[in-house]
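The sequence and structure are shown first.

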Amino acid sequence: MTTAFHSEIEQAPAHLRGLLRHFADLRDGTHGDGAVTRADKERLFASAVGRLDPYARQALAEMNDALLLGTGTIIATGVTTSPLGDVAATWTLGWPEQEQARIQPITVQAFYGRGFHHPHLRGGTVGDWPLNVFSDADAAAELPIVRAIAAADLHNLVFERDFRIVPATARSPGSSTTR
């Protein structure tokens, strides 16, 4: 990434910076600040997992405390590699009622598939989010969720086509024209 484009990304709202970096990676054929090889990208992935770990644990601990009344257990795998060459790190929150129901625990996963250009975050079952807004305060509280849903949707639309559908990414770094 050039310094000029990096500066443009840093000026974007915080919740969109990662998405812009993601699309720039697709455009430039790199990951991060120029990683091209799988080995270099896996090193960046392992570093990202280390940085993400306290936040994934915090989010799951908050759910455990507030929703599961402290009955849950958080398990983190660290970075693992599958026999197919996929690299992943998984954080789960399990609790007695979930185990008794024989369903999967709450899951957050950093995943770098063997054929992927770069890593992604995902959940175990994320698809729909409940809408229970009955006041202005309720609506304001949904902002982080709406941001995450909109960013995920744009990511999936790019996956259906390519990064060129995002004008801010299709521009040459440092210019105002599109390619």
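## Strand pairing

Strand 2 and strand 3 are joined by seven bridges and run in the antiparallel sense; strands, like helices, are DSSP runs numbered from the N terminus, with at least two residues (E) for a strand and at least four (H or I) for a helix. Strands count as paired if DSSP finds at least two bridges between them. Valine 87 has tyrosine 112 of strand 3 as its bridge partner.

The model is predicted: local features need pLDDT of at least 70 and side-chain atom pairs count only at pLDDT 80 or more, whereas totals for chains, interfaces and linings use all residues. Residues are numbered from 1 along each chain as its sequence is written, and side-chain values use heavy atoms, with hydrogens and water left out.

Strand 1 (residues 73–81) is also antiparallel to strand 2, through seven bridges. Valine 79 is bridged to alanine 89 in strand 2.

## Burial of strand 2

Eight of the eight residues of strand 2 (residues 87–94) are buried, so the strand is largely enclosed by the rest of the structure. Buried means under 20% relative accessible area, exposed over 50%, and partly exposed in between (1.4 Å probe, protein chains only). Val87, Ala89, Trp91 and Leu93 point one way, Ala88, Thr90, Thr92 and Gly94 the other, and all are buried.

## Histidine 118

Histidine 118 lies in the loop between strand 3 (106–112) and strand 4 (120–123) and is buried, at 2% relative accessible area. Leaving aside residues up to four places away in sequence, histidine 118 touches His22, Asp25, Leu26, His31 and Tyr112, contact meaning heavy atoms within 4.5 Å.
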